[in-house]
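Please examine the structure shown below together with its sequence.

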Amino acid sequence: MKKILFAASECVPFIKTGGLADVCGALPKTFDHKDWDVRVVIPNYSCIPEKYRSQFEYVTHFYMACGSYIPSKYVGVLQYKLDGVTYYFIDNQEYFNCFVPYGDMRYDIEKFTFFDKAVLSMLPLIGFRPDIIHCHDWQAGLIPVYLKNEFQADSFFWGIRSIMTIHNLKFQGIWDVKTMQGLTGFSSDLFVPDKLEFNKDANMLKGGLVYADYITTVSDTYAQEIQTEYYGEGLNGLLSARHFDMQGIVNGIDYTTYNPQTDSKIYMNYDASSFRKKKYVNKERLQEELGLEVDKKKYMIGLISRLTDQKGLDLINAVMDGLVDEFTQLVVIGTGEPQYENMFRHYAWKYPNRVSANICYSDDLAHKLYAAADAFLMPSRFEPCGLTQMISFRYGTVPIVRETGGLKDTVQAYNEYDNSGDGFSFTNYNADEMLQVINYSKHIFYDRKRQWNQMVDRGMANDFSWNASKFRYEGLYNYLLGE
């Protein structure tokens, strides 16, 4: 039995702010439990729904100090089993009593430093010695550093391997060296340029990337991109130096949650054989619900996103008047930066029959939009993986994407000459180029309906379940274990 421990700051169904939680919730369930014992550890946030928290079982507790800034503090360990996976929760009310998992950066750095050391400290006490600790993003970045330094004094930890997965390189956990030294207890010789030091500060993610035995990220193209200066966020030199110990593995989606045949959140169920006759019902009902003009012939474009610079929303702003012509409707769901929230509110006011701005996050409404829209727009500046385009395929909705990161790896551009491809894409970060591709997609939708439907067929036939990715992770784990 091979033992793997996932360490992360969030995990569905307990707590979610982004795709990281989906990965940590879905991937462990896909392994064959006869051969793999995959467990997950996250903080015991007070904002985890009570229906789960009330069932957590006490395992043990102890007291632990980190550096001079974190004196001896209580660490509780709770556990819960769901779908054959054991989840551990690190309990400390001072750090994890919160309404949301992240807030003030200085405080987040302190609480995740505490969490990282607590994860390793609990292992001998709970009787679980993982062969590999799989660490996700900067919040778990100090686990490989502690493992290879302070914890090597204990033979229990000898031979435990670590993997660092980058879900988004933009967030790194950076603070000044003096504070980080006080929080971690690390000696000053770790805060040098080839270890944790970064532009005169200390960087948690960099520490994880230096000390982990292997690095993964969430698509092949993103793994290449982050070795360049444009996408590398200052760590491209380190990532280039470690490129032999790095690969991209595309995320999957949960095919039971996202299934138009059984989804109870959409107006009418359908599958690949019936979407031609049934999918439009979802469009008409959503138009009605959102106060848009009810007309199944309108070209409905969906956008579900965090409303931030990363997502290419400035491109949409530049060409919005041309985008929402008399044949087109745009439905937006998301929250984020005020400038973009207000931008979509403005266009919804200006074009009330054509634009619906839903400045919120509603899972129910998102499912309805996946089923109702004809196309989904993702013009991202960068996109490590992206899940929206995979979910779109599942619902017979055609993605329109910029060729970057996981979007490039998962969407094959339509070619009208040999009738191939399953979506539309553009290369340069340019609003006119984006609008040109959107207009081309409208032409195919209206003038070549048969080819459009064949494109939908190909998209719905894609397999972006976790099964494909699971085999690559199994191969990586076996490689690290010398098999």
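Which strands does helix α13 lie across? In this predicted model, helix α13, residues 363-372, lies across β13, β14 (328-333), β15 and β16 (375-378). Its direction makes an angle of about 145° with that of β13.

These strands belong to an open sheet of 6 strands, arranged in the order β15-β14-β13-β16-β17-β18 with parallel pairing. The edges are formed by β15 (355-358) and β18, each of which pairs on one side only. From one strand to the next, the twist averages 15°.

The next element to consider is helix α17. This helix comprises 13 residues, 449-461, and reaches 18 Å from its first C-alpha to its last, close to the 18 Å expected at 1.5 Å a residue. Its buried residues are Trp452, Asn453, Met455, Val456, Gly459 and Met460. Because these residues cover an arc of only 155° around the axis, they lie on the same side of α17. The spacing follows a general rule: an α-helix has 3.6 residues a turn, so residues three or four places apart point the same way.

What do the buried residues of α17 pack against? Their partners include three strands of the sheet described above, namely β13 (299-304), β17 (398-402) and β18 (424-426). They also pack against the helices α10 (275-290), α14 (388-394) and α16 (431-447). On the face turned away from this buried side, α17 carries the exposed residues Arg450 and Ala461.

A separate point of interest is Arg39, which is located in strand β2, residues 36-43. The side chain of Arg39 is joined to that of Asp37 by a polar contact of 2.9 Å. Leaving aside residues up to four places away in sequence, Arg39 touches Ile4, Leu5, Phe6, Val85, Thr86, Tyr88 and Phe128.

How values were computed
Residues are numbered from 1 along each chain as its sequence is written. This is a predicted model: local features need pLDDT of at least 70, side-chain atom pairs count only at pLDDT 80 or more; totals for chains, interfaces and linings use all residues. Side-chain values use heavy atoms; hydrogens and water are left out. Helices (H or I, at least four residues) and strands (E, at least two) are DSSP runs, numbered from the N terminus. The expected span of a helix is 1.5 Å times one less than its number of residues. Buried means under 20% relative accessible area, exposed over 50%, partly exposed in between (1.4 Å probe, protein chains only). The arc is that of the directions from the helix axis to the C-beta atoms. Contact means heavy atoms within 4.5 Å. A polar contact is a pair of N or O atoms within 3.5 Å; within protein, one must be able to donate a hydrogen and the other to accept it, and residues adjacent in sequence count only if both atoms are side-chain atoms. Two strands pair if DSSP finds at least two bridges between them. Axes are lines fitted to C-alpha atoms, for helices over the stretch in contact, and angles run from 0 to 180 degrees between N-to-C directions.
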